[in-house]
Structures are given as C-alpha cells and as structure tokens.
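Colleague: I have a new model open and would like to learn how to read its surface and overall build. Could you take me through it?

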Amino acid sequence: MAAGASGQSKLSQPKGQVGTIASRSDASVEKSKKPQQNLERAQNVATAGDTVPIVFCNRANNAGGVWVQPPLIKQGSYNYNGTFLYAISQGEMVDDPEIYRTWVGDRIIAHIPGQGTVTATHFYLSAADMAASPNSCPMTGGRFFCDAESALYLWYYVTTNGYAEYYEPNENEAYWNFRNLTVGEGDTSNSVLEFNGANLTVTEVETGIDRTTEYWNNLSVTDPSTVTSRFNVRVSGGSIVGGRTVGTITGTDPDYWGISFADFGADFYPDLFGTTEPVVTVLTDGTIDDQYISGNPASTGTLYGILKERGAAYVSDPENFPSSYDFTVFADITFLQIEGNLYDSGISANAYPTTTRQLSIFYEQGVSVDLYSGGLVSGAYATGASNQFVDLAMHLFTLIGRAEGAATADISMPIDVSNLQDIAAFCSNNGTFFNGVVEQSMNVIDYISKTAPYFLLSFISANGQYSLQPLLPVTSGNAIDTTALTPAATFTEANILPGSFRKSYKDADDRREINISLVWREVTPFEVGIQRTTTVRFGTTANDAPTEQFDLTDFCATQAHAEVFGKYQLAVRRHSTHTISFTTPLITSGLIPTNVIRITRQRKNSAGDDRTETTWYQITSIRHSSDGISTVEAMHFPVDGSSIAEISDEIVNGTFEVI
C-alpha cells in the first residue's frame, strides 16, 4: 500500500460509471447472444436492464446469415407442453423461424426423440401499431401475455414426499384455470395418493408465524388427523371408483378463465388463514394405496405423483386486455415463441423439469431496415434485410433519431448519404459484408468509427456532416484504384506555415513483417457458429515471425473478407513509414480525411544538399480554428514512379500466403 506523509493511503475509491451494471451484464460472455463454443451451457435468462440485440444479416451466395443465442424472457406450460419466449432482435425480422435450424444445447429441436409436435413462432408489432392500440400485445395464441401477472405455468408436484403451495392475499381477485396430470409408469388405475391432515403446516412467509391452528379452526376442524386429502382419484356418480391412469389430464381447459375466488367473498383469504399476509402450506408424508377399491385388482404400475398446472390472470380474458393497459414497451421487438418440451430431462419420481440448455437459432435474413445501399426508388428507400455496413450505420442513426428523410436539407442532415451507394458497391467488390449481432449498448459514433476500418472504410466528420469514406482510392467502378493517382491538393512551403511541419517515424517493431491472424465465423445453416482462423502474411515472411491477431467474429462470415482486411494491414505496415502534421491558412477547398495529398518541400542541409522532395500522404484529420488556421494530420501514402499507390497495388497485386 502506498502511503503519504500522514501514513494514510492516498489511493481513493474509484468513481462508479453510469450504467455500469447493465454495461457489464451486456459485455459478459454468459449474456452473449452470439454463438458460444459451449452449446451445453444453461439457457441464458434475461434480466431487467439487458439490451435487446440487433440481428443484422443477409445470406447471399451461400455465405452469411447469423446464429443467435437469445435470452429467455418467459417460460410456461400449456396443457403440459413447454412454452418458451425469447427476445430475438430490435426491429422486425425478415426471416421466419425454422425448427430444423433451431437447436437446444446440441440437439436440433425438430429431432428430439419423443418430442411430438414442436412449433416456432415470431411475434412483432411496430411502434406505430402499438401507439395506435397500446393495450394490444404482440404475443397472440394464448401461450404468453404481456401482463407480468398473467401466465400459464407448472404449479407444483404432489408426490409422497409432499408438496408446498404458496398463497397470495389478492388471489381472490384473480381468474384461474387448473389441470392435473397423472405421472407414473404402468397401470395406476387403482392407485390413490393420500395425506393425513395432521401433516399439514401453514406458515406466514414474512414473519414465520405458524397459522396452522387458525387454519383448521377456520375450517371448523377440531382434529386434523381425521382429515384425509386424496389425489389421483377417479370419480363416478359422486363416489371414488379408483385411480387415474398415467398420462390422464383432468381439470379445466387452459383457455378457460372462468374460475375466480371472488365468488367466495372479499374476506375469503383472512377467513381461511387468519392473516392478510402471504402464507405457504406444506403437506408431507403421503402414502399410496395401490388397491384403493378393495374389490378391484391392485394396480401393477407405479404412481409417481400428480403434476399441477395452472393459469393466473387479473383480467377475465388475458388475450384481450382492457384499454387501461399499456404494453408499448414491447413495441418494435421480434419475439420468438417455442412450444415443445425442450427440457433437459423428463418428469421423474421426485421432480418435474424446469431447466433447458441454451437455444441457438439460425437466420438467413435479419431485421428489415431502410436500404440506403440501393438508393432512392420513387423518392424513398426500399426496405429489407441487408449485409451492407452502410445500411447498418444508417439504421443505428435512425434508432437514435439522427437520420433524416431524403428530402431534408443538408444543414439538418447529420449524415452525408450522397455516396452510400458507391460505398456499398466498394464493399461488395471487396467482399466485406456485415453478418452479425449488435448486442451491447454503445455510443453509435464510437461504434461506427471503430468498426468501419474492418470494411476498409473511415467514418469521418467533415463540412458539418458525418460520412463514410473508403480508406483507399477507388475507381469509377468502386474498385481499389491501382492506376496513376491525381492528388486532391498539393502543399508546398508557400502554403505550409513556417515551423509547423512535423514528421514522426513509426517504431521499427511497427514496421517489421508479421503474420496477421484473423478470427472470423463460418456460418452454415447446419452447424452452430463455427469459429475459423485465417493467417495472412507476405511470401517472404518467416514462419516464426510475430503474430498480430484481429477478431472479426462479430460480423465477418467469409474468408475473403478476412483476407482483404489482413492484406490491408500488412500493406500499410510495409509501405507507410511515418505520419506528419502541419498548419496552413484556412482550407476552403473541401478537403476531407481519406483524401490523398502531395507535399513538396525544399530540402537543404549544411552539407550542401539542396533538392526538391515530394511525398504523398493520406489525410487522417483536419481541424479548423477560429483564427483562420487549419491543422492537417496525415499518414504516409507512397506512390511509385507512375503515381500508383503502393499500398493499393500491394493489396491487389501483391504476393501473400494465406493459411
């Protein structure tokens, strides 16, 4: 511990960041919606504050698409068939879910033995739709409901060990439905499960007060041992005639919500338990009578117990909520409902299933976005799935309300859209496409700026607008230009302010030849998110040369994309030796970062060397000050004797080894 003169530590408590918990949750591997290598991990369960991801992809030429591992937001049971609800993406997914492209753990859900029918359904309502009808719920079909207090679920399991049942004071305000499933094996037609009332306890949850005596007193029972509770009984004509067979379901229809404890009166709960606080009842030490009707043959099978399922709602029809309800928080999100028994195991003698492995689902097409990459059609942009980075960037700006319509004046249009079709064509020509999941909350400017270079692009701010520009000179056909260049501007000592020119050479380690290791994700509809590694190097690079790794798994789905980015990195390391900065009178010619310029200076030294030196650079930054001065920073961007850019030529025509 560092101590000052007073002997006390000078280390101060670090300040917390706003949204730290949510940010850490988003960034954790366990919460990731992208494919993890461990398919057998437990299902990721959503928590309050989690970010709903954006699934952005479009499979083309048998490449691309996305595997998503969504969080579970609700789980239930409909007539003893498992129901699971997942949050897939912000926005409306173009692709429909397919059960043969959906896995739970390492199993395709369509092929789980004994599964029976399994279905996958998308739910979506736009923000406009829900604004017009706030009480409408995207989830339809009666399996899930937008109201948090309305659900169909497995309730409790009655076995010889007993069971516990939780009671809320406001249960007499709710509507219910109930079912009972006989669980066991073999013949249970004369098996009945019995409990003695003396084994019942009633406890107030918060205080621990025993309410058992009050419970029996309120039922006018003086001797609980004379009371027997029976389960699995088969009744005919008002009399028990035996037990129920395995698989029998009794009770109400799960779509029927006509049962209400309000029929018993407002004082039902305190009259029964002697309190207005929540209580839990526990009944233990049950026995099974396999020949309940003595005149009939004894059951030859084994009765495990009775699994109870129920529905609870505070409206009589949870598929049609009154206008006072507002579910707009569910707007503009695609939800996935799986109906089928995805559980880790079946019902055993002592427990019923509750857990599953992680769900993985493949999508060829992601969310529908405005296709800026295709340009205006009849004054508007078409919509659909995309794999173009420009469409993702514009979609992110749309989400934060920064992208304006095509007719908006430039002064209020923060994004320059005039070149987006050319940028998209440039990416297509280089095979750089975005197929991935944007899963963390982030600063949009920062995200686009950091991601753009992986597509050989730069996200710049110039002339009052943001724009995307290629990192390399391009031809009229939007390919990498390997012909003679014309500089966007030439600076000489006549327009470089005296004493302002600075040159900084790169360290030797930053210029030595290395191996570039590129991690990307091969995407096929038949295997969950395969991670690949491609190594790119010059043919002259030694095998034991240092390796620098780049992780492209968030968006790269082809080796071609990984290769071209690796070649760019190697070409810059080989040919760009230094950076410069200088000041000049205010630039009004429209120069922007990524433009290639030429610097011509007179070189003189004490040894009598006097010559003209011309070097080419690519602008990386331009800053304008209020005193009429512009500061330019640039990266060495050399050309050969024919004015052909050496970096561009190396990428297109150089000799590389790809491993």
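Modeller: Gladly! Let's begin with charge patches: a patch joins like charges within 9 Å, using residues with over 30% relative accessible area and no salt bridge. Please keep in mind that this is a predicted model.

Colleague: Which residues form a negative surface patch here?

Modeller: Asp253, Asp255, Asp317 and Glu319 form one.

Colleague: Let's take one member. Where is the place of Asp255?

Modeller: Asp255 sits in the loop that runs between strand 16 (249-251) and strand 17 (259-260).

Colleague: And why does Asp255 count as partly exposed?

Modeller: The partly exposed class lies between under 20% (buried) and over 50% (exposed). Asp255 has 41% relative accessibility, so it counts as partly exposed.

Colleague: How does Arg107 read on that scale, and where does Arg107 lie?

Modeller: Arg107 is partly exposed too, because its relative accessible area is 28%. This residue belongs to strand 6 (residues 107-108).

Colleague: How far apart are Arg107 and Asp509?

Modeller: In sequence they are 402 residues apart, and in space their C-alpha atoms are 48 Å apart.

Colleague: Now the whole chain. How many helices and strands are there?

Modeller: The chain has nine helices and 39 strands. Its radius of gyration is 34 Å, well over the 26 Å that the globule rule gives for 659 residues, so the chain is more spread out than a compact globule. The C-alpha trace spans about 120 × 70 × 55 Å along its principal axes.

Colleague: What share of the residues is buried?

Modeller: Of the 659 residues in the chain, 47% are buried.

Note on methods. Residues numbered from 1 in each chain as written. Predicted model: local features only at pLDDT ≥ 70, side-chain atom pairs only at ≥ 80, totals over all residues. Heavy atoms only, no water. Patch = residues over 30% accessible without salt bridge, like charges linked within 9 Å, V, L, I, M, F, W, Y side chains within 5 Å. Areas by Shrake-Rupley, 256 points an atom, 1.4 Å probe, with all protein chains shown as cover. Salt bridge = Lys/Arg side-chain N within 4 Å of Asp/Glu carboxyl O. Lys, Arg positive; Asp, Glu negative; His and termini not counted. Charge placed at Lys NZ, Arg CZ, Asp CG, Glu CD. Helix = DSSP H or I, 4+ residues; strand = E, 2+ residues; numbered from the N terminus. Buried < 20%, exposed > 50% of the residue type's maximum accessible area, 1.4 Å probe, protein only. Rg over C-alpha atoms; globule rule 2.2 N^0.38 Å.
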